[in-house]
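User: I would like to learn how to read a predicted protein model, one feature at a time. Could you take me through it slowly, giving the general idea and then the case at hand?

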Amino acid sequence: MHPAKIVLTVTQGALHGKEFIFKDPALCTIGRADDCEIQMPGDLASADISRHHCLLEIDPPAIRVRDLGSKNGTFVNGKRIEQNQNHTPRWETTPDVSEDQELKDGDELRLGHTLFRVGIVPPDGSEAPMYFPMGFM
């Protein structure tokens with residue numbers, strides 16, 4: 001049996017067509033800074049993405065997103081998520097902060113002009129959508 005995995009596919013933006021696959025639990029920062037796990041280009045097309053834009057908490061098949069006080073916001077399915085108003089550094093954030101938002105299979109995550117599609121592949125390896133709330137496991 002294959003383990004569950006999270007697949008983030010860039011469907012619009014500078015990294016169009018790139019996939020990021022997560023099979024194990026991870027904290028993943030998206031932004032323009034060198035220390036981001038998903039590093040966006042430092043070009044003009046990505047200027048609307050903050051250095052440390054958002055944080056993904058990944059524990060397949062679950063995934064959550066938290067905005068890290070970005071200037072232009074983080075959007076899920078076209079709706080802006082609550083920002084981390086305290087501008088808490090990413091290394092001091094905790095998983096139970098109310099700004100976290102669960103993501104499910106097929107959701108779209110937008111940072112500036114970059115759009116990611118969330119794919120959740122169930123443990124059996126089939127492509128059927130699967131959704132488990134955080135804390136399920």
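User: Which side chain does Lys104 meet in a salt bridge?

Analyst: A salt bridge is a side-chain nitrogen of Lys or Arg within 4 Å of a carboxyl oxygen of Asp or Glu. Here Lys104 meets the side chain of Asp107, at 3.4 Å from N to O, and Asp107 counts as buried because its relative accessibility is 5%. Elsewhere, salt bridges that share partners join Arg64, Arg66, Asp100 and Glu102 into one network.

User: How many salt bridges does the structure hold?

Analyst: The structure holds four salt bridges. One of them joins the side chains of Arg64 and Asp100 at 3.5 Å, N to O; this pair links distant parts of the chain, with Arg64 in strand E6 and Asp100 in the loop between strand E8 (79-80) and E9, 36 residues apart. Arg64 also forms a salt bridge with Glu102, where the closest N and O atoms are 3.2 Å apart, and that pair spans 38 residues, from strand E6 to strand E9. Arg64 is buried at 13% relative accessibility and Asp100 is buried at 10%, whereas Glu102 is partly exposed at 27%.

User: How many helices and strands are there in the protein chain?

Analyst: Helices (H or I, at least four residues) and strands (E, at least two) are DSSP runs, numbered from the N terminus. The protein chain has zero helices and 11 strands.

User: In what order do the five strands of the open sheet come?

Analyst: Strands of a sheet pair through backbone hydrogen bonds, either parallel or antiparallel, and two strands are said to pair if DSSP finds at least two bridges between them. In this open sheet the order is E4-E3-E5-E6-E9, with mixed pairing, and its edge strands, each pairing on one side only, are E4 (38-39) and E9 (101-103). E3 (residues 26-31) pairs with E4 in the parallel sense over two bridges, while E3 and E5 run antiparallel and are joined by five bridges. E5 and E6 pair in the antiparallel sense over six bridges, forming a hairpin with two residues between them, and Cys54 stands opposite Asp67 in E6. E5 is mostly covered, since five of its six residues are buried.

User: Which side chains does a polar contact of 2.6 Å join?

Analyst: A polar contact is a pair of N or O atoms within 3.5 Å; within protein, one must be able to donate a hydrogen and the other to accept it, and residues adjacent in sequence count only if both atoms are side-chain atoms. The contact of 2.6 Å joins the side chains of Ser70 and Asp67, and another, of 3.4 Å, joins those of Ser70 and His53. Ser70 lies in the loop between strand E6 (62-67) and strand E7 (74-76), and this residue is buried because its relative accessible area is 3%.

Notes. Residues are numbered from 1 along each chain as its sequence is written. This is a predicted model: local features need pLDDT of at least 70, side-chain atom pairs count only at pLDDT 80 or more; totals for chains, interfaces and linings use all residues. Side-chain values use heavy atoms; hydrogens and water are left out. Buried means under 20% relative accessible area, exposed over 50%, partly exposed in between (1.4 Å probe, protein chains only).
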